Amino acid sequence: MKSKKYLLESEASLTVFEFNSEGLNGIVPKMVEYTETNIPGVFNLGFGDKNLETGEIDDKAVTNNGDSQKVLTTVASSIYAFTSKYPDVWIFATGSTQARTRLYRIGITTNLLEIQDDFEIYGLNEDRWQIFQKGVVYDAFLIKRKSIKL
Amino acid sequence: MKIKELNESKTPIVKITKRLEKYKSKVVFEQKLQEANRILERVGLPENKR
(Lines give C-alpha, C1' and ligand atoms only; values in the text may rest on other atoms or scores of the structure.)
Protein backbone atom coordinates (compact mmCIF):
# COMPACT_ATOMS: atom_id res chain seq x y z
CA MET A 1 0.00 0.00 0.00
CA LYS A 2 2.74 2.40 -0.97
CA SER A 3 0.43 4.26 -3.34
CA LYS A 4 -0.59 7.83 -2.64
CA LYS A 5 -3.00 8.29 0.22
CA TYR A 6 -4.73 11.09 2.09
CA LEU A 7 -3.82 12.26 5.57
CA LEU A 8 -5.98 10.51 8.16
CA GLU A 9 -7.45 12.13 11.24
CA SER A 10 -8.74 10.12 14.19
CA GLU A 11 -9.67 10.34 17.84
CA ALA A 12 -7.40 8.91 20.52
CA SER A 13 -8.78 5.35 20.41
CA LEU A 14 -8.16 5.06 16.64
CA THR A 15 -11.59 3.56 15.91
CA VAL A 16 -13.01 6.51 13.93
CA PHE A 17 -11.08 8.03 11.03
CA GLU A 18 -11.79 10.89 8.68
CA PHE A 19 -10.04 12.15 5.57
CA ASN A 20 -10.80 14.46 2.67
CA SER A 21 -11.06 13.20 -0.88
CA GLU A 22 -9.90 15.94 -3.22
CA GLY A 23 -10.83 15.59 -6.87
CA LEU A 24 -13.08 16.47 -9.76
CA ASN A 25 -16.04 17.35 -7.54
CA GLY A 26 -14.08 19.23 -4.93
CA ILE A 27 -13.43 18.17 -1.35
CA VAL A 28 -15.52 15.27 -0.05
CA PRO A 29 -15.05 14.24 3.60
CA LYS A 30 -14.92 10.47 4.12
CA MET A 31 -15.34 8.52 7.31
CA VAL A 32 -14.07 5.08 8.35
CA GLU A 33 -15.37 3.50 11.52
CA TYR A 34 -14.40 0.22 13.22
CA THR A 35 -17.24 -1.11 15.36
CA GLU A 36 -17.13 -4.31 17.38
CA THR A 37 -19.61 -6.93 16.20
CA ASN A 38 -21.49 -9.43 18.37
CA ILE A 39 -18.37 -11.59 18.26
CA PRO A 40 -15.85 -10.04 20.66
CA GLY A 41 -12.66 -9.08 18.90
CA VAL A 42 -14.27 -8.94 15.46
CA PHE A 43 -14.80 -5.40 14.14
CA ASN A 44 -16.89 -4.23 11.22
CA LEU A 45 -15.24 -1.75 8.86
CA GLY A 46 -17.74 0.97 7.92
CA PHE A 47 -16.88 3.48 5.24
CA GLY A 48 -18.81 6.31 3.60
CA ASP A 49 -19.14 9.96 2.64
CA LYS A 50 -19.92 12.66 5.16
CA ASN A 51 -22.49 15.24 4.09
CA LEU A 52 -21.01 18.61 5.06
CA GLU A 53 -24.43 20.28 5.37
CA THR A 54 -26.25 17.66 7.43
CA GLY A 55 -23.28 15.86 9.00
CA GLU A 56 -24.92 12.57 8.01
CA ILE A 57 -22.91 9.68 6.66
CA ASP A 58 -23.87 7.95 3.42
CA ASP A 59 -22.17 4.65 2.69
CA LYS A 60 -23.89 4.26 -0.68
CA ALA A 61 -22.80 7.61 -2.12
CA VAL A 62 -20.93 7.49 -5.41
CA THR A 63 -18.63 10.50 -5.40
CA ASN A 64 -16.98 10.10 -8.79
CA ASN A 65 -14.17 12.29 -7.57
CA GLY A 66 -11.64 10.61 -9.84
CA ASP A 67 -9.50 9.38 -6.94
CA SER A 68 -10.96 5.97 -6.08
CA GLN A 69 -7.53 4.29 -5.92
CA LYS A 70 -6.20 6.91 -3.54
CA VAL A 71 -9.36 6.65 -1.41
CA LEU A 72 -9.09 2.85 -1.26
CA THR A 73 -5.42 3.08 -0.32
CA THR A 74 -6.31 5.52 2.45
CA VAL A 75 -8.98 3.18 3.83
CA ALA A 76 -6.42 0.37 3.70
CA SER A 77 -3.92 2.54 5.56
CA SER A 78 -6.52 3.02 8.32
CA ILE A 79 -6.46 -0.78 8.73
CA TYR A 80 -2.71 -0.54 9.38
CA ALA A 81 -3.29 2.21 11.94
CA PHE A 82 -6.17 0.37 13.65
CA THR A 83 -4.36 -2.96 13.82
CA SER A 84 -1.18 -1.32 15.05
CA LYS A 85 -3.15 -0.35 18.14
CA TYR A 86 -5.30 -3.53 18.24
CA PRO A 87 -3.09 -6.24 16.68
CA ASP A 88 -5.23 -9.23 17.71
CA VAL A 89 -8.58 -8.16 16.23
CA TRP A 90 -10.34 -9.45 13.13
CA ILE A 91 -11.77 -6.95 10.66
CA PHE A 92 -14.92 -7.80 8.71
CA ALA A 93 -15.51 -5.83 5.53
CA THR A 94 -18.08 -5.89 2.78
CA GLY A 95 -19.19 -3.26 0.31
CA SER A 96 -22.49 -1.45 0.75
CA THR A 97 -23.23 -2.49 -2.84
CA GLN A 98 -22.05 -5.37 -5.02
CA ALA A 99 -20.10 -2.87 -7.10
CA ARG A 100 -18.25 -1.63 -4.05
CA THR A 101 -17.53 -5.17 -2.85
CA ARG A 102 -16.10 -5.83 -6.31
CA LEU A 103 -13.97 -2.69 -5.99
CA TYR A 104 -12.63 -3.95 -2.65
CA ARG A 105 -11.84 -7.32 -4.25
CA ILE A 106 -9.97 -5.67 -7.10
CA GLY A 107 -8.04 -3.50 -4.64
CA ILE A 108 -7.06 -6.54 -2.58
CA THR A 109 -6.13 -8.51 -5.71
CA THR A 110 -3.95 -5.70 -7.01
CA ASN A 111 -2.04 -5.46 -3.74
CA LEU A 112 -2.33 -9.10 -2.64
CA LEU A 113 1.37 -9.92 -2.21
CA GLU A 114 1.97 -6.80 -0.17
CA ILE A 115 -1.17 -7.34 1.93
CA GLN A 116 -0.24 -10.96 2.62
CA ASP A 117 3.10 -9.81 4.03
CA ASP A 118 1.24 -8.24 6.90
CA PHE A 119 -2.26 -9.76 7.05
CA GLU A 120 -4.15 -13.00 6.87
CA ILE A 121 -7.01 -12.39 4.48
CA TYR A 122 -10.09 -14.52 3.85
CA GLY A 123 -12.97 -14.20 1.41
CA LEU A 124 -16.54 -15.40 1.95
CA ASN A 125 -17.65 -17.64 -0.89
CA GLU A 126 -20.90 -19.63 -0.72
CA ASP A 127 -21.05 -19.08 3.03
CA ARG A 128 -17.58 -20.45 3.66
CA TRP A 129 -14.45 -18.54 4.52
CA GLN A 130 -11.49 -19.41 2.36
CA ILE A 131 -8.01 -17.95 2.04
CA PHE A 132 -8.30 -15.10 -0.47
CA GLN A 133 -7.50 -16.14 -4.02
CA LYS A 134 -7.32 -14.04 -7.14
CA GLY A 135 -10.19 -14.48 -9.57
CA VAL A 136 -12.76 -15.68 -7.02
CA VAL A 137 -15.87 -13.60 -6.32
CA TYR A 138 -16.42 -12.97 -2.62
CA ASP A 139 -19.34 -11.53 -0.66
CA ALA A 140 -17.24 -10.28 2.26
CA PHE A 141 -13.70 -10.24 3.60
CA LEU A 142 -12.06 -11.02 6.91
CA ILE A 143 -8.65 -9.61 7.77
CA LYS A 144 -6.25 -10.20 10.64
CA ARG A 145 -2.82 -8.72 11.23
CA LYS A 146 -0.05 -11.29 11.22
CA SER A 147 2.08 -11.44 14.31
CA ILE A 148 4.78 -8.84 14.17
CA LYS A 149 8.11 -10.48 13.31
CA LEU A 150 10.81 -9.65 15.84
CA MET B 1 7.88 13.68 7.51
CA LYS B 2 8.02 14.61 3.85
CA ILE B 3 5.11 13.89 1.50
CA LYS B 4 7.12 11.22 -0.31
CA GLU B 5 7.86 9.41 2.96
CA LEU B 6 4.22 9.73 4.00
CA ASN B 7 3.09 8.17 0.75
CA GLU B 8 5.54 5.29 0.97
CA SER B 9 4.94 4.24 4.58
CA LYS B 10 2.49 1.40 5.23
CA THR B 11 1.39 2.57 8.65
CA PRO B 12 0.07 6.07 8.12
CA ILE B 13 0.62 9.24 10.04
CA VAL B 14 -2.62 9.90 11.90
CA LYS B 15 -3.52 13.33 13.19
CA ILE B 16 -5.40 12.99 16.47
CA THR B 17 -8.31 15.39 16.83
CA LYS B 18 -10.88 15.83 19.59
CA ARG B 19 -13.41 16.75 16.90
CA LEU B 20 -14.00 13.06 16.21
CA GLU B 21 -14.49 12.07 19.85
CA LYS B 22 -18.25 12.55 19.47
CA TYR B 23 -18.44 9.55 17.13
CA LYS B 24 -16.81 7.14 19.59
CA SER B 25 -20.07 6.31 21.35
CA LYS B 26 -22.09 6.17 18.10
CA VAL B 27 -22.55 3.43 15.57
CA VAL B 28 -22.37 5.42 12.37
CA PHE B 29 -22.78 2.48 9.99
CA GLU B 30 -25.62 0.76 11.79
CA GLN B 31 -26.96 -1.13 8.77
CA LYS B 32 -23.53 -2.43 7.86
CA LEU B 33 -22.95 -3.57 11.42
CA GLN B 34 -26.27 -5.42 11.45
CA GLU B 35 -25.38 -7.08 8.15
CA ALA B 36 -21.97 -8.06 9.53
CA ASN B 37 -23.63 -9.58 12.60
CA ARG B 38 -26.10 -11.51 10.45
CA ILE B 39 -23.34 -12.95 8.29
CA LEU B 40 -21.03 -13.73 11.20
CA GLU B 41 -23.84 -15.43 13.10
CA ARG B 42 -24.44 -17.65 10.07
CA VAL B 43 -20.86 -18.46 9.06
CA GLY B 44 -18.71 -17.64 12.11
CA LEU B 45 -14.96 -17.31 11.68
CA PRO B 46 -12.70 -19.43 9.44
CA GLU B 47 -12.69 -23.02 10.70
CA ASN B 48 -9.09 -23.09 11.88
CA LYS B 49 -9.48 -19.78 13.73
CA ARG B 50 -12.51 -20.43 15.94
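Visitor: What should I know before I start?
Guide: This is a predicted model, in which local features need pLDDT of at least 70 and side-chain atom pairs count only at pLDDT 80 or more, while totals for chains, interfaces and linings use all residues. Residues are numbered from 1 along each chain as its sequence is written, chains are lettered from A and ligands numbered from 1 in the order in which they are written, and side-chain values use heavy atoms, with hydrogens and water left out.

Visitor: How many helices and strands are there in chain B?
Guide: Helices (H or I, at least four residues) and strands (E, at least two) are DSSP runs, numbered from the N terminus. Chain B has two helices and one strand, arranged along the sequence as α-β-α. Of its 50 residues, 36% count as buried, where buried means under 20% relative accessible area, exposed over 50% and partly exposed in between, with a 1.4 Å probe and protein chains only. The accessible surface of chain B is about 3600 Å², and carbon and sulfur atoms account for 50% of that. Such areas come from the Shrake-Rupley method with a 1.4 Å probe; for residues, only the protein chains shown count as cover.

Visitor: How far apart are the end C-alpha atoms of helix 1 of chain A, and what span should its residues give?
Guide: The expected span of a helix is 1.5 Å times one less than its number of residues. Helix 1 of chain A (residues 68–85) has 18 residues and should therefore span 26 Å; its end C-alpha atoms are 26 Å apart, in agreement. Because 13 of these 18 residues are buried, helix 1 of chain A is largely enclosed by the rest of the structure.

Visitor: In which sense do strand 2 and strand 3 of chain A pair?
Guide: Two strands pair if DSSP finds at least two bridges between them. Strand 2 (residues 16–23) and strand 3 of chain A are antiparallel, with eight bridges, and they form a hairpin with two residues between them. One of the bridges sets A:S21 against A:V28 in strand 3. Strand 3 also pairs antiparallel with strand 4 (residues 42–50) of chain A, through seven bridges; here A:M31 stands opposite A:G48. This second hairpin has five residues between the strands, and A:G41 takes a positive phi near 90 degrees in it. Strand 3 (residues 26–36) is largely enclosed by the rest of the structure, because eight of its eleven residues are buried.

Visitor: Which residues touch the most other members of the largest nonpolar core?
Guide: In soluble globular proteins, nonpolar side chains tend to be buried together. A nonpolar core is a set of buried Ala, Val, Leu, Ile, Met, Phe, Trp, Tyr and Cys residues joined through side-chain atoms within 4.5 Å. In the largest one, of 31 residues, A:F17, A:F19, A:V32, A:Y34, A:L45, A:F47 and A:I91 touch the most other members. Helix 1 of chain A gives the largest share of this core, seven residues. Apart from it lies another core of 13 residues, among them A:W129, A:L142, B:V43 and B:L45.

Visitor: How many residues from each chain does the contact take?
Guide: The size of an interface is often given as the accessible area lost when the parts come together. Contact means heavy atoms within 4.5 Å, and here it takes 55 residues from chain A and 37 residues from chain B. Buried area is the accessible area (1.4 Å probe) that two parts lose on being put together, summed over both. Between chain A and chain B that is about 3900 Å², with 62% from carbon and sulfur atoms. On the chain A side, A:K5, A:E9 and A:E33 lose the most area to chain B, together 13% of what that side buries.

Visitor: Is A:N44 buried or exposed?
Guide: A:N44, in strand 4 of chain A, is buried, with a relative accessible area of 2%. Leaving aside neighbours within four places in sequence, its contacts include A:Y34, A:F92, B:K32, B:L33 and B:A36.

Visitor: What is phi of A:E126?
Guide: Most residues other than glycine have a negative phi. Phi of A:E126 is positive, near 50 degrees, and that of A:D127 is positive too, near 65 degrees. A:E126 is in the loop between strand 7 (119–125) and strand 8 (128–131) of chain A, and A:D127 lies in the loop between strand 7 and strand 8 as well. A:E126 is exposed at 71% relative accessibility, whereas A:D127 is partly exposed at 35%.
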